[in-house]
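Please keep the sequence and the coordinates in view while reading.

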Amino acid sequence: MLKQHFYDTRVIAILRGAAGKDLEELAEAICVGGIMFSEVTLNSPDALLSIERLRETFDGKMHIGAGTVTNLKAVREAVAAGAEFIVTPNIDADVIRYCVSKDILITPGALTPTEIEEAMRFGSEFVKVFPVGRLGAGYIKDVLAPYDKAKLIAVGGINAENSEEYRKNGAFGIGVGGSLCKIPEDRDFGKISDYARRLVESFRR
C-alpha cells in the first residue's frame, strides 16, 4: 500500500526546521494539495516528537517519514517514533540493508553513478539524487543512459517551475523542500496547497 501510494504521487515534501503548530499547519496544507508523503528531517527541532504527532494527526491521509537519517541508531529511533519511510543524504550499507530487511521504504541519497549503483546493490529500489539542483535535469537523463532501470528521486533545487523538466528527463519522482514548505508571510496556507497541487500534477502528465 505504501509503495503503491508513492507510485501514484511521486512527490515527497521535505519538512525542515518547523515544529509545533507551524509544522502541523504546513503538513495539513501539503496534504490538502494532494501530496501523500512528507518527511520530517531529523535536524529539525523536536523531530521525533513531530513525527509521532504527525502520524497521529494524518493517519490514513498522509505518510510521514524521517529525513536526514545518517546512521542505524537514527533509523531505529525514527521508526520507533512512527516514521513510515526513511530518507538519507548518503549511502550507508547498514542503514539500507536494515530497512530492506524490515520492509521499510528507504530512499538513500547519492550523486555519482557509482553511489547510485551502490544503493541499488544494497537493495534499495529508489535512490535520491542529491544535490541535483546545480547539475540540472539533464543529469538525470545522463545517469539513466547506463542505469535505465534505476528509479531516481531528484532532490535539491526542485520547484513547480522545473519539476516537469525533471519528469521529462526520466526522474521517477521529486523531493521538494524550500520552495514548498515555507510559511507565507500572510500565513495563507492555501498558497501552499495550490503549490503542492502544481507539483503533483507535474508528475501525472
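How many helices and how many strands does the protein have? The protein has nine helices and nine strands, where helices (H or I, at least four residues) and strands (E, at least two) are DSSP runs numbered from the N terminus. The model is predicted, so local features need pLDDT of at least 70 and side-chain atom pairs count only at pLDDT 80 or more, whereas totals for chains, interfaces and linings use all residues. Residues are numbered from 1 along each chain as its sequence is written, and side-chain values use heavy atoms, with hydrogens and water left out.

Along the principal axes, the C-alpha atoms fill a box of roughly 45 × 35 × 30 Å. Of the 205 residues, 50% count as buried; buried means under 20% relative accessible area, exposed over 50%, and partly exposed in between, with a 1.4 Å probe and protein chains only. Among contacts (heavy atoms within 4.5 Å) with a separation of 6 or more, 59% join residues 24 or more positions apart.

The interior can be described through its nonpolar cores. Such a core is a set of buried Ala, Val, Leu, Ile, Met, Phe, Trp, Tyr and Cys residues joined through side-chain atoms within 4.5 Å. The largest has 61 residues, and Ile30, Ile86, Ile140, Leu152, Tyr166, Ile174 and Leu180 touch the most other members. Helix H2 (residues 20-32) gives the most to this core, with six residues. Beyond its neighbours within four places in sequence, Leu180 is in contact with Ala13, Ile30, Ile35, Ile192, Tyr195, Ala196 and Leu199. A second, separate core of twelve residues includes Ile12, Val87, Phe126 and Ile153.

The voids come next. On a 1 Å grid over the protein atoms alone, a cavity is a set of points where a 1.4 Å probe fits but cannot get out, and a pocket is an open set with protein on both sides within 12 Å along at least five of seven lines; lining residues have an atom within 4 Å of a point. Grid points are joined across faces, edges and corners, and a volume is the space filled by probe spheres set on the points. The count comes to one cavity of 30 Å³ or more. The lining of the largest cavity consists of Ile12, Ile14, Glu39, Val87, Thr107, Lys128, Ile153, Val155 and Gly175, with strands E1 (11-15) and E8 (151-155) each supplying at least two residues. This lining divides into five nonpolar, two polar and two charged residues, with Ala, Val, Leu, Ile, Met, Phe, Trp, Tyr, Cys and Pro counted as nonpolar, Asp, Glu, Lys and Arg as charged, and the others, Gly among them, as polar.

One of the cavity-lining residues is Thr107, which is placed in strand E5. At 4% relative accessibility, Thr107 counts as buried. Not counting residues up to four places away in sequence, Thr107 touches Ile86, Val87, Thr88, Phe126, Val127, Lys128 and Ile153.

The largest pocket has a volume of about 270 Å³. Of its 19 lining residues, Ile14, Arg16, Phe130, Val155 and Gly177 lie nearest its centre. The elements that give two or more residues to this lining are E1 and strand E9 (173-176). The second largest pocket has a volume of about 230 Å³; helix H1 (2-9), helix H5 (93-101) and strand E5 (105-107) each supply at least two residues of its lining.

Several backbone details complete the tour. The peptide bond from Phe130 to Pro131 is cis, with omega near -5°, and Pro131 lies in the loop between strand E7 (126-129) and helix H7 (137-144). Asp46, a residue other than glycine, has a positive phi near 50°; Asp46 is exposed, with a relative accessible area of 56%. Thr68 is not a glycine either, yet its phi is positive at about 55°. Thr68 is partly exposed, with a relative accessible area of 24%, and lies in the loop between strand E3 (63-67) and helix H4 (72-81).
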